[in-house]
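Please read it alongside the coordinates.

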Amino acid sequence: MTTLPPSVPSAPAATEVHAKVFGATEHLAPAAAKVDVPVERMKQWLRDMLLIREFEVRCMQAYQEKKIGGFCHVYIGQEAVAVGCTAAVEHRDPIVTAYRDHGHALARGMDPKYCMAEMFGRIGGCAKGKGGSMHMFDRDNNLFGGHGIVGAQTPLGAGLAFACKYMDEVIDGKPSSRVALCFLGDGALNQGAFHEALNLAGLFDLPVIYVVENNGYSMGTAIARGTTMAHSLVTKAAGYGIDGYVIDGMDVVDVYAEMKRIADRCRATSRPAFVDMRTYRYKGHSMSDPRKYRTKEEEEVFEAEDPIGKLQRRLQAAGQLGDDEFKAMQKAVRDQVREGVAWSDASPPPPLEELFTDVYLEPWGPYTGSAQPAMNGGTVNPAGFKTIDTKEELS
Amino acid sequence: MTALREIEFRDALREAMSEEMRRDKRVMLMGEEVAQYNGAYKVSRGMLEEFGPRRIIDTPISESGFAGMAIGAAMMGLKPVVEFMSWSFSLVAADPILNNAPKMLYMSGGQFGCSVVFRGNDGAGGQLGSTHSWCVEGLYSNVPGIKIAIPSNPYDAKGLLKTSIRGSDPVFFLESERMLGNKGHVPEEEYLIPFGQAAVIHEGTDCTLASWGRPVHFCMEAAEELKKQGISCEVIDLRTVRPLDVGTVVRSVRKTSACVVVDQSWSFGSPGSELASQVHRHCFDDLDNYVHRVHSADVPTPYATNLEQEYLPNARKIVEAVRSATYNL
Ligand SMILES: Cc1ncc(C[n+]2csc(CCOP(=O)(O)OP(=O)(O)O)c2C)c(N)n1
Ligand SMILES: [Mg+2]
């Protein structure tokens, strides 16, 4: 085990900018010194963050080239959150998130080619091209979707936790053993569904962690313009009897260390938790956002805290990462994403028959049943029973 | 010979849920007042005693929250039954029930279905006023990805609810508070009723009456009256509107050459308008008249008894529609 030197605390000027963006005056103390993480593990996180960054850069490019349609929200700047949180839970713990979901899919282990092909609207995509950028699902990696309606995933997260606990305790007669991770943006704090979900999670003792990826903005609305108590979001959780935590989401080691502690506790006590994860998106809300609502100076402060650069510098300062090794990492992710793009280009659009598949598991009328995407082996989903086919009968 | 066993509609619903809960631990019931209070309409009476509070779950008044929670649980593999005290209250859960449940399988490319049943009271008739009298089938039948059952009697209610719970797709199950006390024959033996199979409940030769849910009874009343006037009606209970068994109606209309569709939702863009359109298409050369439709009046549901009765489909309106559709007889 190697203990890294702690992250360099931000300059006083940076603290001021943080205070302005999050409406908070306290400065988060670096938590990394508290944990020992094997260097290899930290290098894996560095690789994972580099992969997401590279993927998103290529995504923006592909969007300009019109290979990607619709809305597309990139995760650049927030990589430490998905990577650190995913590392802090077990693979069998379910995860659900909002529409800014490419990072979560990759952090969970989805091959970038399935993620990219989904955005290209190709049959090779994780949802056969029927979901798009906002709807990344991965059954085998326990990712229960990206969800496009702000806040919609918060009751779903409660339901995932409910099911985990019910399966363990009621069906198998064992102690509850899993926790659900539910990510949401700061904008989702203002949705009714979020408050109902928190009340239910608190009331029913559901092991779910609500991680607010607080990047200071919902589209062009600074958090304090849309959300009360922006400087102390944990008070919202307190109102539901749920423990709240504030974490520096720009430091993957901090994210991991704090989230591990919270997840262990949720698992052991089978209770919910709430996390105000302070982070920043470097790019616009979606592909068409000139970012008039914030200053260049503000962006620069957060760019100086880039989670990738931060971990890279710390590993290098500890003598654990050579320049060549880092360059090799960068090249590896570049190659991987480039191959993913080529694979997606080559994947055909979904055949038109796909229009009528996956509407119902049980075939009827024009609906022909359902099958897994190639990512999961393409097996046909079992249908319960057949009902009459009126169309056929009448022709 | 022993008399046929007759039970109330609400008991048929409870038997369906209890039987399915006994055979599959993944099935559980949640909703407002379903456990300790025995259900606002006593449908779940006694279930808490049998299954305990882990499987019969009282929720707070958070339709959006618990509907979404049930869908999340269903994605994980549970089979929740969610009781809406009234389908009128499902409107505040529109996003989970219309945007999540029906679309999850599709937008995940076949990875996550959700086997969840939403059930509760639907429709006017109890002087509950405009906000509490929704016939949600008018809105919800528009949405692909869900199935909708609207039973008219205890036998169908039990068989269809068991099928709903056992199936793999999301189901909206629409009951009527007006009918929960209705008694009907329900055998002791287990049975299931498949979706998409209409029942011809009264045979006739002059006009086809097609309906579902509570107005089926108004159709039967009208058929009695019309018989006295020398008009023989064939009454068909569709039982489910998604899937909709157009075939049975078409076969009947090819025999009778006349058709009246009775649907208690509003007329504009309704299951009734869909059925009428399909009958026109498939029976273009068989019909002697256009397909007539009897709906609730195109106004918010009134409170006063006389206005509410005039608002709903009733036997008188159905008789008039049949006489118009068969004027040439
Ligand atoms: C119910 C709903 N209203 C509006 C929108 C449009 N919309 C999409 S993203 C967004 C901003 C959400 O911001 P936040 O939750 O902070 O997430 P971030 O984009 O910062 O990741 C809005 C208003 C939506 N998708 N859903
Ligand atoms: Mg935000």
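1. A:Glu362 and B:Lys147 form a salt bridge between the two chains, with 2.7 Å between the closest N and O atoms. The model is a predicted one, and the distance is computed from its atoms. Across the interface of chain B and chain A, 2 salt bridges are found.

2. In terms of residues, 58 of chain B are in contact with 61 of chain A. The area buried between chain B and chain A is about 4,700 Å², and 67% of it lies on carbon and sulfur atoms. On the chain B side, B:Met76, B:Tyr106 and B:Gln111 supply 17% of the area buried against chain A, more than any other three residues.

3. Contacts between them involve 11 residues of domain 1 of chain A and 8 residues of domain 2 of chain A.

4. How much area do domain 1 of chain A and domain 2 of chain A bury between them? The value is about 840 Å², with 51% on carbon and sulfur atoms. Within domain 1 of chain A, the residues that lose the most area to domain 2 of chain A are A:Lys128, A:Lys130 and A:Arg139, together 57% of what that side buries.

5. The rule finds 4 salt bridges across the interface of domain 1 of chain A and domain 2 of chain A. A:Lys128 takes part in a salt bridge with A:Asp358, where the closest N and O atoms are 2.9 Å apart. There are 5 residue pairs in polar contact across this interface of domain 1 of chain A and domain 2 of chain A, both residues being at pLDDT 80 or more. The side of domain 1 of chain A that touches domain 2 of chain A comprises 5 nonpolar, 1 polar and 5 charged residues.

6. For chain B the assignment gives domain 1 (6-185) and domain 2 (199-325). Their centres, over C-alpha atoms, are separated by 26 Å. Here 31 residues of domain 1 of chain B are in contact with 24 residues of domain 2 of chain B. The two domains of chain B bury about 2,200 Å² between them, 54% of it on carbon and sulfur atoms. B:Gln127, B:Ile150 and B:Ser152 lose the most area on the side of domain 1 of chain B, together 25% of what that side buries.

7. Between domain 1 of chain B and domain 2 of chain B the count is 1 salt bridge. B:Asp156 and B:Arg239 meet through their side chains in a salt bridge, at 3.1 Å from N to O. The polar contacts between domain 1 of chain B and domain 2 of chain B number 14 residue pairs, with both residues at pLDDT 80 or more.

8. Which protein donors does the magnesium ion (ligand 2) have? They are A:Asp186 through OD, A:Asn215 through OD1 and A:Tyr217 through O, lying 2.1 Å from the ion. Along the chain, the donors of this magnesium ion follow the spacing D-x28-N-x1-Y. A:Asn215 and A:Tyr217 are both buried.

Methods:
Residues numbered from 1 in each chain as written. Chains lettered and ligands numbered in written order. Predicted model: local features only at pLDDT ≥ 70, side-chain atom pairs only at ≥ 80, totals over all residues. Heavy atoms only, no water. Donors = N, O, S within 2.8 Å, 3.2 Å for Na, K, Ca; no water. Buried < 20%, exposed > 50% of the residue type's maximum accessible area, 1.4 Å probe, protein only. Contact = heavy atoms within 4.5 Å. Buried area = accessible area lost by both parts, 1.4 Å probe. Polar contact = N/O pair within 3.5 Å; in protein donor to acceptor, adjacent residues only side chain to side chain. Nonpolar A, V, L, I, M, F, W, Y, C, P; charged D, E, K, R; others polar. Domains from an automatic or database assignment.
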